[in-house]
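Student: Hi! Could you walk me through this structure?
Tutor: Happy to, let's look at it together.

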Amino acid sequence: MLENVQLFIALFGGYVATSMIFLKNPHFLHKKKRLKFTCTHISHRGGAGENYENTMTAFRRAVSLGTDMLELDCQLTKDNQVVVCHDNNLLRSTGVNKCVSEFNYKDLPLLKPNLPVDFDPLVTFRGTGKEEERRIPLLVEVFQTFPQLPINIDIKTNNNFLIGEVNRLISEHHREEITVWGSFSEGITYKCYLQNPKVNLLFSLRRVFELVLLFYTGLLPFVPLRETHLEIFQPSMVLHPSWHNHNIKNGPLLLYLPTFLVRTIDFLLMSKTLFKHLGQRGIQVKTSSFISCSEMLVSHRP
């Protein structure tokens, strides 16, 4: 019995030591990813809360302020046009209770003159109301206007044709090395990877959970990763008073968890050691945290 205990201790100790060595020196097992760009500032929907989200007006303003990357969302219209729009249902953004897929592109309604911000219940963006500023743009229009700027694409619906069309546009504009795509959904993200492995890839929500599990079990240093970008928001962000002083429907699950559990998740996820390991493997890590009623800070962690 004692011999078995000693053997277990020896094997476990060897495993821990080996894991620590490869955690700190991932180049022993993995070739470092060589990405063509790094970002310290990402404009979420072009600066939602500071302009009409996901519009050419917002994107131009973000670029004028020196953003490193545009983040946007893609949907497919009835006539198979890839448009830049976050919500599948247009009620919040346009006041029309229909889905993007029910409209031909030319018939899409304009964004509301006063546009509520879904991730910040305190904010409604109040713009000029000009029709051109409230128009939902095509993805190809964004690519043509900003041909050299890195763009982060969130595929919003699990639609094979949509994924194929986005890939076609990326390829036609030679943007494989300066585009990142994916989704919270693992099903969508994996389809993106299969469609074109050359395009930089996001971690899906499920893969984030797997990443954390692998890290705390010591297995992460031994596991290859296809993703190139980890983009997460700091869980403790939902503890900000603005989230709890308003009746938020369909909010993130974290919003309904006890404070101590949210802080525990925050502690486990926001690990400097994890981020450093990923950085050494060439994976860019970006975290979003709540600052004020209309600002999101995105930081690059090497």
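Student: Surface to begin with: how big is the accessible surface of the protein chain, and what share belongs to carbon and sulfur atoms?
Tutor: The accessible surface is about 15400 Å², and carbon and sulfur atoms hold 58% of that. Areas come from the Shrake-Rupley method with a 1.4 Å probe, and for residues only the protein chains shown count as cover. This is a predicted model: local features need pLDDT of at least 70, side-chain atom pairs count only at pLDDT 80 or more, and totals for chains, interfaces and linings use all residues. Residues are numbered from 1 along each chain as its sequence is written, and side-chain values use heavy atoms, with hydrogens and water left out.

Student: And what percentage of the residues count as buried?
Tutor: Of the 302 residues, 48% do; buried means under 20% relative accessible area, exposed over 50%, and partly exposed in between (1.4 Å probe, protein chains only).

Student: Switching to cysteines: how many disulfides are there?
Tutor: The count is zero, where a disulfide is a pair of cysteine sulfur atoms within 2.5 Å.

Student: Is C192 buried or exposed?
Tutor: C192 is buried, with a relative accessible area of 0%.

Student: Last one: what box do the C-alpha atoms fill?
Tutor: Roughly 80 × 45 × 35 Å, taken along the principal axes.
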